[in-house]
Amino acid sequence: VTPIVRGPSEYNDVLAALSDPMRQRILERLSTDGPMNASEVASVLPISRQAVVKHLRILESGGLVGARTNGRSVEFSVRPERTVQAARWLEQTASDWEQRIDALRRLAQERSDCRDAEPTGSRTVRP
Amino acid sequence: MDDSHFTTHVDLPVAPSDAWELIGDACALGAWLGGDVDLEIEPGAEGSMTGSMTGSMSETGSVGDPDDFTVILVEEVVPGERLGLRWASASKSPSTVVFEIVPMAESTRIIITERPVPQGLAAITGRLCAVR
C-alpha cells in the first residue's frame with residue numbers, strides 16, 4: 001500500500017515564518033519594492049540589520065524568500081508560491097472546521113432539545 | 001513553531017459532560033465529522049474514519065467524499081477535558097487536532113486547534129497509513 005503522507009510538513013515552517021508581524025512587514029516590503037539586501041531592508045524598518053538578517057533566515061528556511069548573491073551583497077526576494085500554499089492550507093482547514101462545527105452545533109442542539117423534552121422526574125442531575 | 005496552527009471554538013448549549021460525549025465517543029464523533037469512525041478513545045489507540053463531509057476545495061468550499069479514508073492516532077485523552085488526535089488522509093496532509101472542553105456560565109466551549117505535523121511525526125503517521 002502506498003503511504004498517503006506527502007513527506008515533510010509542507011506548511012509548518014511557512015506558517016511559523018508568517019506568524020511574526022515583523023516578518024510579515026519584511027515580506028510586504030520585498031513584495032512591493034523588489035529584491036533587497038539586509039541593509040536596505042533595515043533602512044526602511046525600525047529594526048537593526050542583525051535583526052533583519054535573523055528574520056530573513058527564518059523566511060528563507062520557510063521557503064518564503066530566496067537569496068541570490070549580487071557581487072558582495074546577498075539579495076532577498078519573495079517566493080510567492082510557498083505563501084500561496086500556506087494560505088490554501090489555512091483556507092481549506094478553516095472551511096473544513098466551519099462545516100464540522102455546523103454539524104456539531106446541530107447535534108448538540110438536538111441533544112439539548114431531547115433533554116428539555118424529558119419528563120422532569122427522569123432528568124439526571126448534571127455537573 | 002507554537003504559532004503555526006489553526007484554532008477555532010464553538011459554544012454549545014449543553015453541559016460539559018454532554019460536550020465531552022460529543023468528542024469522546026467515537027460514534028458521536030463520526031456523526032458530526034461526517035464519517036464512520038472506528039476508534040477506541042484511549043491513548044495510543046489507532047483507528048480510522050471512512051467518509052468525510054470535507055475534502056478538496058471547490059468554488060463553494062470543501063466537497064465531501066464518502067470514500068475518503070482517514071487514519072487516526074489517539075495521542076492524548078483527559079476524560080471530560082481534552083482529546084488529542086493525529087490524523088491524515090488522501091485529501092489532506094498529516095496534522096494534529098486537539099479538542100479542549102471549557103465550562104462556561106450557561107454553555108460549554110470546545111476549543112479546536114489543528115497543527116500541521118512536523119517532519120518527524122509525519123513519518124510516524126506515514127507508517128500508520130502504510131499498514132492500513
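A:Arg100 lies over the face of A:Trp97, at 4.4 Å from the ring centre; a charge counts as sitting over a ring if NZ of Lys or CZ of Arg is within 6 Å of the ring centre and within 35 degrees of the ring normal. This is a predicted model, in which local features need pLDDT of at least 70 and side-chain atom pairs count only at pLDDT 80 or more, while totals for chains, interfaces and linings use all residues. Residues are numbered from 1 along each chain as its sequence is written, chains are lettered from A and ligands numbered from 1 in the order in which they are written, and side-chain values use heavy atoms, with hydrogens and water left out.

**Aromatic pairs around A:Trp97**

- The whole structure holds 4 aromatic pairs over all chains; rings of Phe, Tyr and Trp (its six-membered ring) pair if their centres lie within 6.5 Å, with planes under 30 degrees apart called stacked, over 60 edge-to-face and the rest tilted.
- A:Trp97 and B:Trp87 make a stacked pair, 6.0 Å centre to centre with 20 degrees between the planes.
- Because A:Trp97 lies in helix 5 of chain A and B:Trp87 in strand 7 (residues 82-89) of chain B, this pair joins two chains; helices (H or I, at least four residues) and strands (E, at least two) are DSSP runs, numbered from the N terminus.
- A:Trp97 is buried at a relative accessible area of 1%, and B:Trp87 is buried at 6%; buried means under 20% relative accessible area, exposed over 50% and partly exposed in between (1.4 Å probe, protein chains only).
- With B:Phe99, A:Trp97 forms an edge-to-face pair, 6.0 Å centre to centre and 75 degrees between the planes.
- B:Phe99 sits in strand 8 (residues 92-103) of chain B, so its pair with A:Trp97 in helix 5 of chain A also joins two chains.
- B:Phe99 counts as buried, at 0% relative accessibility.
- Ring pairs bring A:Trp97, B:Trp32, B:Trp87 and B:Phe99 together in a cluster.

**The nonpolar core**

- The largest nonpolar core has 54 residues, and A:Trp97, B:Ile23, B:Trp32, B:Leu83, B:Phe99 and B:Ile110 touch the most other members; such a core is a set of buried Ala, Val, Leu, Ile, Met, Phe, Trp, Tyr and Cys residues joined through side-chain atoms within 4.5 Å.
- Helix 5 (residues 80-117) of chain A gives the most to this core, with 8 residues.

**A look at A:Ala42**

- A:Ala42 belongs to helix 3 (residues 38-44) of chain A and counts as buried at 15% relative accessibility.
- Leaving aside neighbours within four places in sequence, A:Ala42 is in contact (heavy atoms within 4.5 Å) with A:Ile47, A:Ser48, A:Arg49 and A:Val52.
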